[in-house]
Amino acid sequence: ASFGISLQALRPMINDRDGSLDPAGIERVSESFIERHMLSQQQRHDRSSLPPPYPLSRDIVCGRGYPYRQFPGNQRLLQMIKDEYDVPHRNAKTQYDKVKITTAIYRRLVDEEQCRFLRLAKEQHWEELDESQAKRKIAMIFRNLRR
């Protein structure tokens, strides 16, 4: 599904060799969209004047199914959890300890790696999740690893 985006607009994001999403292409298209819609330097710092967010390759997109699982930011988050946080989370003795781990992951992604947690709204535009919704997304990944 192209979510109302023309095939022509998606073309730079597709890898010609295997038809998969090209993270560099996604980044280029997203950044050029923002640049075309920026009117002044002040708007770069005023988030309310930005156009609706579009996922960059570093962002986490929320949704069900293969396209969401294969998004580069989601893949990186899953690998980071498997590599660094899965064992401490499994060994956590209390719910409070698990919440601390989830909060640490959220802070690392948002503060250090400049990630956003996005979902496609009913109006077919991307919206940013608040902190509690994003933490639920992270907690869901831990639950899914148990299956």
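Tutor: The secondary structure of the chain comes to 7 helices and 3 strands, where helices (H or I, at least four residues) and strands (E, at least two) are DSSP runs numbered from the N terminus. Read from the N terminus on, these elements follow the order α-α-α-β-α-α-α-β-β-α. The model is predicted, so local features need pLDDT of at least 70 and side-chain atom pairs count only at pLDDT 80 or more, while totals for chains, interfaces and linings use all residues. Residues are numbered from 1 along each chain as its sequence is written, and side-chain values use heavy atoms, with hydrogens and water left out.

Of the 147 residues of the chain, 33% count as buried; buried here means under 20% relative accessible area, exposed means over 50%, and partly exposed lies in between, with a 1.4 Å probe and protein chains only. Among contacts with a separation of 6 or more, 55% join residues 24 or more positions apart, a contact being heavy atoms within 4.5 Å.

The part I would look at closely is helix H7 (131-146), together with what packs against it. H7 has 16 residues, and its first and last C-alpha atoms are 24 Å apart, close to the 22 Å expected at 1.5 Å a residue; the expected span is 1.5 Å times one less than the number of residues. Its buried residues are Ala 134, Lys 137, Ile 138, Ile 141 and Phe 142. Viewed down the axis of H7, these buried residues fall within an arc of 140 degrees, so they line one face of the helix; the arc is that of the directions from the helix axis to the C-beta atoms. The cover over these buried residues includes E1, H5, H6 and strand E2 (117-120).

One of these covering elements, H6, can be described in similar terms. The end C-alpha atoms of H6 are 25 Å apart, which agrees with the 26 Å that its 18 residues should span at 1.5 Å a residue. Its buried residues are Ile 101, Thr 102, Ile 105, Tyr 106, Arg 108 and Leu 109. They cover an arc of only 160 degrees around the axis, which puts them on the same side of H6. The face turned away from this buried side carries the exposed residues Tyr 96 and Glu 112, whereas the cover over the buried residues of H6 includes H5, E2 and H7.

Past the end of H6, the backbone calls for a remark. Most residues other than glycine have a negative phi. Gln 114, although not a glycine, has a positive phi of about 55 degrees; it lies in the loop between H6 and E2 and is partly exposed, at 48% relative accessibility. Within E2 itself, Arg 119 is partly exposed as well, with a relative accessible area of 32%. Its contacts beyond four places in sequence are with Cys 62, His 125, Trp 126, Glu 127, Leu 129 and Gln 133.

H5 brings in Asn 74, which is buried, with a relative accessible area of 9%. Not counting residues up to four places away in sequence, Asn 74 touches Asp 59, Ile 60, Val 61, Tyr 68, Arg 69 and Lys 137.

On a 1 Å grid over the protein atoms alone, a pocket is an open set of points where a 1.4 Å probe fits, with protein on both sides within 12 Å along at least five of seven lines, and lining residues have an atom within 4 Å of a point; points are joined across faces, edges and corners, and the volume is the space filled by probe spheres set on them. Of the 20 lining residues, the closest to the centre are Gly 63, Lys 137, Met 140, Ile 141 and Asn 144. Two or more lining residues come from each of strand E1 (60-62), helix H4 (66-69), helix H5 (72-91) and H7, and the largest share, 7 residues, is that of H7. By class, the lining has 9 nonpolar, 6 polar and 5 charged residues, with Ala, Val, Leu, Ile, Met, Phe, Trp, Tyr, Cys and Pro counted as nonpolar, Asp, Glu, Lys and Arg as charged, and the others, Gly among them, as polar.
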